[in-house]
Structure formats: C-alpha cells, structure tokens
Amino acid sequence: MAAAAAAAPGALAILQARRARLVAACCARLSPGWRLSGSWTVPRVDPATWARGWTPAAGGAAWRRGYSSEVKTEDELRVRYLEEENRGIVVLGINRAYAKNSLSTNLIKMLSKAVDALKSDKKVRTIIVRSEVPGIFCAGADLKERVKMNSSEVGPFVSKIRAVINEIANLPVPTIAAIDGLALGGGLELALACDIRVAASSAKMGLVETKLAIIPGGGGTQRLPRAIGMSLAKELIFSARVLDGQAAKAVGLISHVLEQNQEGDAAYRKALDLAREFLPQGPVAMRVAKLAINQGMETIPTKDRLEGLLAFKEKRTPRYKGE
C-alpha cells in the first residue's frame, strides 16, 4: 500500500499530461460554432488559440479554461503605454472574456481611475480603446450583475456608467475606438464617446436597449444623433437594429471599415496607424482643436503655434515643446 501511495503522484502527473494532450487534440478538431461543455460558442478560433485557452491551475492539481470567471479583476482593464516610435499612444484594453467585456461595477471603477490618470498626463498624445478578447468589443452593461441589485442600486450603477463614458468623451487628447467585434448598448455608447471609430466589417453595433424595455443610458440618445443625424438615430434606436461594419460606415457611424484579419485585430491596427499619424502634430494644438470642435471655441495662441508658423516660414521641422 505504501508503494502504491508513493507512485500516486507520478501516476497523477501522467494522467494530467494525457488529459492536456487530449484537450488540445479535441480543440484542434472543433469546427466553427462547436461548443465545449461549459464554454460559449466560438466563431472561428484557430487551434493554437484554443490550446492557449487551457492552462494549468496553481500547483498543477488540475486543468482549467483560461477564459473563465477565475480571471483576476485587476486584469479586466489593461493600460499599455506604447514605446519607441509609438511613444505617446496609450491603449486601454478591456479584458472580461467570460462576461463578453460587459461593464461591471469593478470595470467601471478601473476605467474611471485610468481616465483620471490619463487626462492630466501631458505625455499622452492619443488614446485607443480596444478589446483584448477576440470577437467582442463590449456587450454593454453587465446585466447579470445588475439583476442582483435592488432598485436603489440600479440608478447609481447606471449613473456611474454614464459618468465614466462622459469622462472618456471629455479627455483632452484624441481618442479612437477600435471595434473588432460586438459593440451593443453601453458598448456602442462607449465607442460613441471616442472622437473616431474604426471597425472590422464583421463587427456588430447597435443601441438595442428598447428590446429590454429601457432606453440607452450612457449618452447614446445624444451622441448617436450627432454622429448620424436625428432621424436615422431615432430609427436605429426605435428598431434596436444592429449594423455590421459596412452598414455602420454607410450611415457615418464609423470612419473606416476593414476586412477582419486572421488575428482578429484589423480595427486596432487601423487605429494604431491613425494614432501614429497624429503624433507629429503640435500637442497643444491637438488639444485646443479638439476643444474647439467640441465646444465651438476659437483656437487660442500658444508657443507651439508660433513655433509651427516659424518653422513653416523657415522650411524646417517644427520643435514643439507642448506649451
């Protein structure tokens, strides 16, 4: 019996290794739309991505799915400051795969904290809002969390979502929403708060709240009409219609539409190209231009403005100091 007990750890390790190989083999054979027990339907996920979705749990005692409710809450929003030729670009990556990137109380708190830090950082030139989850941008408010709230908690929850979306809209630097997947309800309102929206042709977008007998509560009833006109905005909200990337481009909801690539990040790559195009411009002029466009105010003189005019006159590259 002692010998059997001593052999148990080794036997367990062998079983775990075999189980891992079996999982990888099964996942490699899954066709688009097949479902693994306990997971959601996956639209076109390559075998390598499936294999990465399975990781050993702490201590090697068992295997678990990587995209699960075990994701740490501090990982639900990833803030990346890009370097080298992309210095000045910041990427906010939403990472709640198990909840389709829905807006939870914790995620809203993290977004608010990140935005608060970014709005006063003079080194930040452009902000990209994207998803770290393939096929999803943001599915709106976390309704599973909301249904557990009592009536006195729902109002403040919606107010916090509206507040953080307004904070994003009021950021002083250009913001770009990279929509590589589903953007519904509050998810589209989040994108509408950005200055520029780019999307993959396969993305789906819509303010669908009327299907739930509610109305958009994160500024969509104001920002959608500004983007596409009042009459069409009413039509889309009244019908809860969902548009793909091509249809969204046709009505002016997004600026650019791209065929999705194998990596699932075509919109993000376009957003990055746009952000790079913004980098050489005068930083103060960019901030004032955004403010002037948003509020209708006139551009005010700055040292960078004078430097830009002087450099043009002297036919040289301007040396901006952010003043």
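Me: In helix α8, which residues are buried?

Reply: In this predicted model, helix α8 spans residues 230-239, and its buried residues are Ala233, Leu236 and Ile237.

Me: What do the buried residues of α8 pack against, and which exposed residues does the face turned away from them carry?

Reply: The buried residues pack against α7 and against β11, which is made of residues 243-244, while the face turned away from the buried side carries Ser231 and Phe238, both exposed. After the helix comes Ala240, with a positive phi near 55°.

Me: How should I read a strand such as β5, and how many of its residues are buried?

Reply: For a strand, one can look at each face in turn. Six of the six residues of β5, residues 126-131, are buried, with Thr126, Ile128 and Arg130 on one side and Ile127, Val129 and Ser131 on the other. Strand β4, residues 89-94, pairs with β5 in the parallel sense over six bridges, and Ile94 has Ser131 as its bridge partner in β5.

Me: Which residues form a nonpolar patch on the surface?

Reply: Leu143, Leu212 and Ile214 form that patch, and together they have about 250 Å² of accessible area. Ile214 lies in the loop between β10 (204-206) and α7 (220-228), and Ile214 counts as partly exposed because its relative accessibility is 30%.

Conventions
Residues are numbered from 1 along each chain as its sequence is written. This is a predicted model: local features need pLDDT of at least 70, side-chain atom pairs count only at pLDDT 80 or more; totals for chains, interfaces and linings use all residues. Side-chain values use heavy atoms; hydrogens and water are left out. Patches are made of residues with over 30% relative accessible area and no salt bridge: like charges are joined within 9 Å, nonpolar side chains (Val, Leu, Ile, Met, Phe, Trp, Tyr) within 5 Å. Accessible areas come from the Shrake-Rupley method with a 1.4 Å probe; for residues, only the protein chains shown count as cover. A salt bridge is a side-chain nitrogen of Lys or Arg within 4 Å of a carboxyl oxygen of Asp or Glu. Helices (H or I, at least four residues) and strands (E, at least two) are DSSP runs, numbered from the N terminus. Buried means under 20% relative accessible area, exposed over 50%, partly exposed in between (1.4 Å probe, protein chains only). Contact means heavy atoms within 4.5 Å. Two strands pair if DSSP finds at least two bridges between them.
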